[in-house]
Amino acid sequence: MRTDPDRIRESQRRRGEDEKIVDSLIAADQAMRTARQHFDELRNQQKLIGKDIGPLQGQLKKADDAAKPALQAQLDGLMAKAQALAEETKAAELASGDAAAEAELLWLQIPNLVNLDSPVGGEADFTVIEHVGVPRDFAAEGFVPKDHLEIGEALSAIDVERGAKVSGSRFYYLTGPGAELEFALLNLAMDHARQHGLIPMITPALVLPTAMEGTGFLGQAAENVYRVESDDLYLVGTSEVPLAAFHSEEIIDVADLPKRYAGWSSCFRREAGSYGKDTRGIIRVHQFDKVEMFVFCDPANAEAEHANMLAWEKEFLDALELPYRVIDVATGDLGSSASRKFDIEAWIPTQDAYREVTSTSNTNEFQARRLRIRMRDGETTKPLATLNGTLCAMPRVIVAILENHQQADGSVMIPAALRPYMQGRTQLS
RNA sequence: GGAGGCGUCGCCUAGUCCGGUCUAUGGCGCCGCACUGCUAAUGCGGUUUGGGUUCAUCCCCAUCGAGGGUUCAAAUCCCUCCGCCUCCGCCA
């Protein structure tokens, strides 16, 4: 901000967001520094006077009667000066605090700087990086594919009606084979994570406001966050939040980086503003479970770590034998914390479309600054970089498996990689 | 939920009763230097974090769990909150 404000303006422009806020921020920062200096100066004076008062009182106590009036007068003078200064200092302290709060408020409103390689534009302006696998030709196989809900209900794997009865729309039960599928996916995902050196974690699903704010979810995404008002806690929409906040307020030696985790938690999303979208089945739901990868690293290595996570996501989907494409998400669709984001979209036959199943973001120092996570590099400390990536979001992966691996007789082939986690079974029927 | 104890700059710790010489004591660890065949030991110096200022050094401000208050002045007094420990109760 101080050395290269145009870089922020450029980022705002690419995101399609307000540029003028940068000028407001610079002004607020300058005002904060001026107020701070004023306060510092007054406080210094105050301390210098205070330092004389103590000893003088001591002298006064020990002095003989002849000397007392002079000392008393001197003391009164100092006290009067100190009293006047105290008032001025208190006012300056308040002004300094207000100015800092104002600058902070603006600072929190500015999303992360976009990576200049991200395609510019809105939700539809992503670029496709690659296609992997080939969607099945059901016509050639001689049958019309059923959608995941029809298959899931026939297999007694998914129950959305009772989900709605008990909890409302966008809730569901995974029953029998559906639940087994989730447990198998969880174990497969965690084995993958462990093989790549990620530390398995089970995280809290309720977090304090600081964790939510620090990860950038109370900005434009705030309407999708559940809040437990009576305790001032938030339900996380992803374990990215508790994983990021895990090291908040900490200073990590650069030699101990990178730190890589795989967190398992339930995720809660209000899905406000998506009424009428994906209302059938379990593509878009209020509660689901997810294995999320999270990395803390030196900013110099952030892009390499990002590539790692994308590779691990692909590897997982490859193991599930799902066709997918990888996209480079456009600037307008990054969310406030990401500077670059790659989504993987799996082929969903009955929608004749690719749908998001994973998302990996490089958030650089954005979350680390807000959560005060630093690294010690020799003499200096500075913010580190954080990155996150989905390893396995249960409902959507289950949808992809049911639809892509369905057979004409209504059964579903279990991908070979998953069989060891399902007692060796080869199909659900 | 009840009662009691506690929270000090990496770790341990002094200071809190009774406000000012606290510029927060000492030990351990760590870093640098000196001495030294090497290591060890010893000696000397340094070692919280954030901010302001500066080419840089210096210097200044804040920071003793957090936030308020009293005061010329708060680690120290008052209030609220948070966390940890012990015991009791309840509980998957």
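**Ground rules.** I number residues from 1 along each chain as its sequence is written, with chains lettered from A and ligands numbered from 1 in the order in which they are written. The model being predicted, local features need pLDDT of at least 70 and side-chain atom pairs count only at pLDDT 80 or more, while totals for chains, interfaces and linings use all residues; side-chain values use heavy atoms, with hydrogens and water left out.

**Entry 1, RNA strand B.** I looked up which residues are near the strand (a heavy atom within 4 Å of it) and found 22 around it, the closest being Arg2, Asp40, Lys47, Arg374 and Thr381. By class I count nine charged residues (Asp, Glu, Lys, Arg), six nonpolar (Ala, Val, Leu, Ile, Met, Phe, Trp, Tyr, Cys, Pro) and seven polar (the others, Gly among them). Helix H2 (20-62) gives the largest share, twelve residues, and helix H3 (68-109) and strand E14 (374-377) each supply at least two; helices (H or I, at least four residues) and strands (E, at least two) are DSSP runs numbered from the N terminus.

On the RNA side, 71% of the atoms within 4 Å of the protein belong to sugar or phosphate, and the rest to bases. At Gly50 a polar backbone atom is 3.4 Å from a base nitrogen.

Leaving aside neighbours within four places in sequence, I list Phe294, Val295, Phe296, Asn362, Thr363, Asn364 and Gln367 in contact with Thr386 (heavy atoms within 4.5 Å).

**Entry 3, the second largest pocket.** Here a pocket is an open set of points on a 1 Å grid over the protein atoms alone where a 1.4 Å probe fits, with protein on both sides within 12 Å along at least five of seven lines, and lining residues have an atom within 4 Å of a point. Of its 17 lining residues, Ile8, Trp107, Asn112, Leu113 and Arg369 lie nearest the centre. H11 (366-371) gives the most to this lining, three residues.

Note on methods:
A polar contact is a pair of N or O atoms within 3.5 Å; within protein, one must be able to donate a hydrogen and the other to accept it, and residues adjacent in sequence count only if both atoms are side-chain atoms.
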